[in-house]
Amino acid sequence: MATEEIRVRGTVQGVGFRPTVYRLAKACGLHGDVCNDGQGVLIRVSGSEEALTEFVARLQIECPPLAKINELTRTNYEGKFHFHNFVISSSVNSAIKTEIVPDAATCLQCQQEIFDPFSRFYRYPFTNCTHCGPRLSIIRAIPYDRCNTSMSAFGLCSECGKEYHDVENRRFHAQPVACHACGPTAWLERADGKSVTASMFSMLDDVDAVCTLLQKGEIVAIKGLGGIHLACDATQETTVQKLRQRKRRYHKPFALMARDIEVIEKYCIVNAKEKELLTSSAAPIVLLQVKEKDGYVESLFTPNSLHIASSVAAGQNTLGFMLPYTPLHHLIMRRMNRPIVLTSGNIADEPQCIDNDEAREKLKTVADYFIFHNREIINRVDDSVVQVIGDKVQTIRRARGYAPAPISLPPGFDNVPEILAMGGELKNTFCLLREGEAILSQHLGDLENAAAFNAYQETLNLYLNLFEHKPEVIAIDKHPEYLSSKLGKELADTNQIKIHQIQHHHAHIAACMAENRIPIDSSPILGIALDGLGYGDDTTLWGGEFLLADYRKFKRLATFKSVAMVGGEQAIYQPWRNTYAHLVAANLWDDCEQKYTDLEIFKFLKNKPLKLLNQLIEKGINSPPASSVGRLFDAVAAAIGIYRDECSYEGQAAIAMEAIVDVSSLNNHKETLIYPFSFSFSDSIYYIDPRPMWQALLNDLQQQIPQPVMAAKFHKGLANAIVEMVKHLSQENLISQVALTGGVFQNCILLEQVTKGLQILGIKVLTHSLVPANDGGLSLGQAVIAAAQLIDECDI
């Protein structure tokens, strides 16, 4: 007989791991116990060598659906052993090294129970088991036990207690387990404070009444898993417009929820990979291609279907759909045969409301009704957003369902001290690095909003406490005005911690390298980082960079020609400013005044205060030069008449231009259907100059070439210029791998065109999947760069 201690690390708490251990140990005839502790799961077990080997093998094969074993170690057990059977012992408090499980969508078994009239969970909105339900959103501390969650307020009834303690039941030690008799409850309120009862709607209950309210054109605030959402019928144009006005979100696309895949397929093309994502335990919002027929949504031609309101996603050829992911949502959507808008419950860019009283105050002029519940949301968790490009998933926003599952780091990062990376200013996340893995926070939003910045600080403190994380180094972005960087400096000064300032685009590239598991001591690769802007090493704004980089350092090999951002931040929201600045930088404004006076863009710009703009450019007043490809997209979109005057969110014009691209022109290989760019070399750096592109575009405008064709020519020309630059740089620098990163590479057409071009050259292309290409991935890059630099400094 042998006695062993088996240590299991990974996602092993709150996922039914101990019951699986128990079941397998009994099946293999073993004695001992299993418990949770701060490092994961600890198993003490005794039996024959053959039985122990079978047990360990089956444990890895029959791992529960939400569990993930990162490490399993076996050692001889030398302590006292008093077990004559196998038992599950109480959790042990110790140093926190385990993981927190992301919130998981309702499993099929729980779905069946809430619609089964003979089940005690019939129509219970908070039904869950070890395979599904709330995790991150309700946790205060770990180990993940009920007493450390917001479910501690609800004592178990005898029936739930019986299931909770029955090792053969799938609710064994499911911490949020509850039912009608003992658990949280949901209720309906009117926003005007007047009383309301379900009986006035002749519905089954308050939750069922929500469906009827939505069908009647009401706006309902729904308290869900990680926050409160605003919902309305997505097919009622008047109601959707009303929601936009009340919420002050005038153009940005709304997310949609549908009862099932069949409803989604009335409106969108859904491939196998997208279907897999929609029905996964993460249940993210998936961006799907709209079905079209003769230029109209195909659903118009489908019997018994309703057209989605045009204002749901104006100027888009994709819709963001998700499926119900809690019992509450399943119950609301049961009778809904058309999609609903389900957008964050907030005003403009503020954080999503999570508290009942907060929602009553902030959303009383937005929602007509509230459906509340009394289970406290501890951690705000937005919906994740993904898209499929080719056969690869690209994460756009990493939150519910994915965070805070750790990201395993490449070889070489195993023994790095604890590091905290603060992230950027927009689409912020922060990152805790420890023991060869990175814990990336959920999406926290844009920190320029005061409420979002406060929420960022609260979430950061929570994570540091949850994981007992004590960073030895803090990594920040080099931009001196980022609030995350300022906070990082304050924390470093207060705690006498060393700080590492990381260049923005180097962080983008390092994040892409890390998730593609490029080892720490690998040779430099070429990273192409295209985005809106980031603070460059020369104190100018960068946004179109070709960097030869490893985790420790980088060399800027090439960039796009810098153009003034006239008015600074105003240039982000008024695309015409970029058009004018580009025409001036290309020395084409005089040509416009001589040859292109009949063009709409010329007439539009002539009505602007050009004399003042010229002074701002010449004197460099609030007009910083930027090599931004994001602003180049805005400039071209405005020139051809897309959101020329004003945008309500960054990238709106660029997204709309991508949506109208003419596919036949895109697939036509004639050189006349590609806008040209030129190349130059100065001060040891190569430059991509869009001047020839502008000359060709002005000619096309004069010839009244259709917008979709011009959009295609721009995308192809830009992709071609990038590939040509890589071709040249690879000959000089022996480049075999290229990382494509930055928010601009969320453009599916550009990413596909560049990837194909590089693959033809025989170059391996690295892209993002686990973390966003946008600034949501910055903190991961900051963390691994700081780690690599620290290794050099300490000679670890």
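Reader: In β15, which residue is the bridge partner of Asp233?

Author: The model is a predicted one. In this model, strand β8 covers residues 228-233, and five bridges join β8 to β15 in an antiparallel arrangement. Within that pairing, the partner of Asp233 in β15 is Ile340.

Reader: Strand β7 also pairs with β8; which residue of β8 stands opposite Ile222?

Author: Strand β7 spans residues 220-223 and pairs with β8 in the antiparallel sense over four bridges. A hairpin of four residues connects β7 to β8.

Reader: How many of the six residues of strand β8 are buried?

Author: A residue counts as buried when its relative accessible area is under 20%. Strand β8, residues 228-233, is mostly covered. The number of its residues that are buried is six of six.

Reader: Is Ala421 buried or exposed?

Author: Ala421 lies in strand β20, residues 419-421. Leaving aside residues up to four places away in sequence, Ala421 touches Phe430, Cys431, Ala475, Ser779, Gln782 and Ala783. Its relative accessible area is 0%, so Ala421 is buried.

Reader: How far apart in space are Ala421 and Gln570?

Author: In sequence, Ala421 and Gln570 are separated by 149 residues. In space, taken from C-alpha to C-alpha, their separation is 29 Å.

Reader: Where is the cis peptide bond that ends at Pro404, and what is its omega?

Author: Most residues other than glycine have a negative phi, and most peptide bonds are trans. Pro404 is found in the loop between β18 (392-397) and β19. The cis bond runs from Ala403 to Pro404, with omega near 5°.

Reader: What is the phi of Ala348?

Author: Ala348 sits in the loop between β15 (340-344) and α10 (356-362). With a relative accessible area of 32%, Ala348 is partly exposed. Its phi is positive although the residue is not glycine, and the value is near 50°.

Reader: Glu468 has a positive phi as well; what is its relative accessible area?

Author: Glu468 is placed in the loop between α11 (450-466) and β23 (473-477). Its phi is near 45°. Glu468 is partly exposed, and its relative accessible area is 43%.

Reader: What percentage of the residues in the protein are buried?

Author: The protein contains 25 helices and 33 strands. Among contacts between residues at least 6 apart in sequence, 74% join residues at least 24 apart. Of the 796 residues, the buried share is 61%.

Notes
Residues numbered from 1 in each chain as written. Predicted model: local features only at pLDDT ≥ 70, side-chain atom pairs only at ≥ 80, totals over all residues. Heavy atoms only, no water. Helix = DSSP H or I, 4+ residues; strand = E, 2+ residues; numbered from the N terminus. Buried < 20%, exposed > 50% of the residue type's maximum accessible area, 1.4 Å probe, protein only. Contact = heavy atoms within 4.5 Å. Pairing = 2+ DSSP bridges.
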